[in-house]
Amino acid sequence: MSIRKEIKQALEQDDFFIEYQPKIDCHTESLVGLEALVRWQHPSRGRIPPDEFIFLAEQTGQIIDLGDWVLDSVIRQLAHWSSKPLDPVTVSVNLSAIQLHQTGFADRLETLLNHHKVPPERLELELTESILMGQEEAVTQTLNRLRALGIVISIDDFGTGYSSLSYLCRFPIDVLKIDRSFVDRVDQRRDQQQVVRAIVQLARSLELDIVAEGVERAEEVHFFRDLGVSRMQGYYFAHPMTMDALERQFDPMQ
Ligand code: G
Ligand code: G
Ligand code: MN
Ligand code: NA
């Protein structure tokens, strides 16, 4: 079967599902957000890595359908939560360039949020630096629209893209997620520490929130905590997990 047919069938048969990875505030040890990460459980080939199938879905153009499915699922989940005692958190969704550049993307997202009565402030979009490059006018317009709705805009993998920093002033950005390559063993590496300090200072002076991603070790937690960065995400705190597992682990009412 062609990959196009495989993806189409997977969407029809519900072979895609979402795992959510917690973002934690290390001071209060509370859950402050979740990142939605799509998974493909293929009936015969087993788990297919997201890097692989997202790339393929971008090639076939089906990233639009898959991306819509992810956004719809996440917004339904947010709607479901608003009726529960579980503290409302922000849920972030990773976007591909093709989605962001799609005509009417912001309008469709607004319609979807309204339809499910979900406050836009609960939804966060993670964009990599490379997604923001090119078609600057259009990207600025779309981001301004999304931001005006109240949707949170964050830069994923910050510091790894081949982009100039000028976009930080041009686009309405709320959050920088420090790429995990800067986090990895930061406690042991002097030059890496200097780069991280500079990123944190930059984010602070632009009044952006900061999330350290890919945190795996206690020493890394301590380093960021000492810098005053309290929001973290990584295997040290929690792996991506299904909603059932998440509710068992984090919902005190259950
Ligand atoms: O979950 P890890 O689980 O392996 O994710 C691999 C990559 O896939 C990451 O770069 C992540 O941003 C990306 N990814 C995960 N879910 C989505 C999604 O729904 N849409 C897009 N565009 N990328 C995603
Ligand atoms: O590109 P993006 O940052 O969206 O991708 C998130 C990816 O990082 C997912 O594949 C997720 O499973 C993975 N991830 C999350 N926490 C950790 C971690 O602590 N260590 C490593 N190596 N990967 C992580
Ligand atoms: Mn991400
Ligand atoms: Na990232």
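**Figure 1. Strands β7 and β8 form a parallel pair.** Four bridges link β7 and β8, and the two strands pair in the parallel sense. The structure shown in this and the following views is a predicted model. Within this pairing, Ile178 has Ala212 of β8 as its bridge partner. Strand β8 covers residues 209–213, and four of its five residues are buried, so this strand is largely enclosed by the rest of the structure.

**Figure 2. Strand β8 also pairs with strand β9.** Strand β9 comprises residues 231–233 and runs parallel to β8, to which two bridges join it. Opposite Ala212 stands Met232 of β9. Ala212 is also the bridge partner of Ile178.

**Figure 3. Strand β6 is joined to strand β7.** The two strands run parallel and are connected by three bridges, with β7 formed by residues 175–178. Leu176 of β7 stands opposite Ile155. Strand β6 spans residues 152–158; six of its seven residues are buried, so β6 is largely enclosed by the rest of the structure.

**Figure 4. Strand β5 pairs with strand β6.** Residues 123–128 make up β5, which pairs with β6 in the parallel sense over five bridges. In this pairing, Glu126 has Ser154 of β6 as its bridge partner.

**Figure 5. The surroundings of ligand 1.** The shell around ligand 1 is made up of Leu37, Val38, Pro50, Asp51, Ile54, Gly67, Val70, Asn94, Leu95, Ser96 and Pro240. The element that gives the most is α2, with three residues. By class, the shell around ligand 1 holds seven nonpolar residues, three polar residues and one charged residue.

**Figure 6. The surroundings of ligand 2.** Ligand 2 is surrounded by 14 residues, of which the closest are Asn94, Gly214, Glu216, Gly234 and Tyr235. Asn94 is also one of the residues that surround ligand 1. The shell around ligand 2 contains six charged, four polar and four nonpolar residues.

**Figure 7. Helices α3 and α5 cross.** The axis of α3 and that of α5, a helix of residues 105–115, approach within 10 Å and cross at roughly 30 degrees. The two helices are therefore roughly parallel to each other, since angles under 35 degrees count as such. Their crossing is right-handed.

**Figure 8. Lys117 has a positive phi.** Most residues other than glycine have a negative phi. In Lys117, by contrast, phi is positive, near 55 degrees. Lys117 is located in the loop between α5 and β5. Lys117 counts as exposed because it has 10 C-beta neighbours inside 10 Å, and the limit for this class is 12 or fewer.

**Figure 9. Arg185 likewise has a positive phi.** Phi of Arg185, a residue other than glycine, is positive and near 55 degrees. The loop between α9 (180–183) and α10 (190–205) contains Arg185. Within 10 Å of Arg185 there are 12 other C-beta atoms, and this residue is therefore exposed.

Technical notes: Residues numbered from 1 in each chain as written. Chains lettered and ligands numbered in written order. Predicted model: local features only at pLDDT ≥ 70, side-chain atom pairs only at ≥ 80, totals over all residues. Near = placed C-beta within 6 Å. Nonpolar A, V, L, I, M, F, W, Y, C, P; charged D, E, K, R; others polar. Buried ≥ 20, exposed ≤ 12 C-beta atoms within 10 Å, placed from the backbone. Pairing = 2+ DSSP bridges. Axes fitted to C-alpha atoms, helices over the stretch in contact; angles between N-to-C directions. Parallel < 35°, antiparallel > 145°, perpendicular 65-115°, else oblique. Left-handed = near helix turned anticlockwise from the far one by under 90°.
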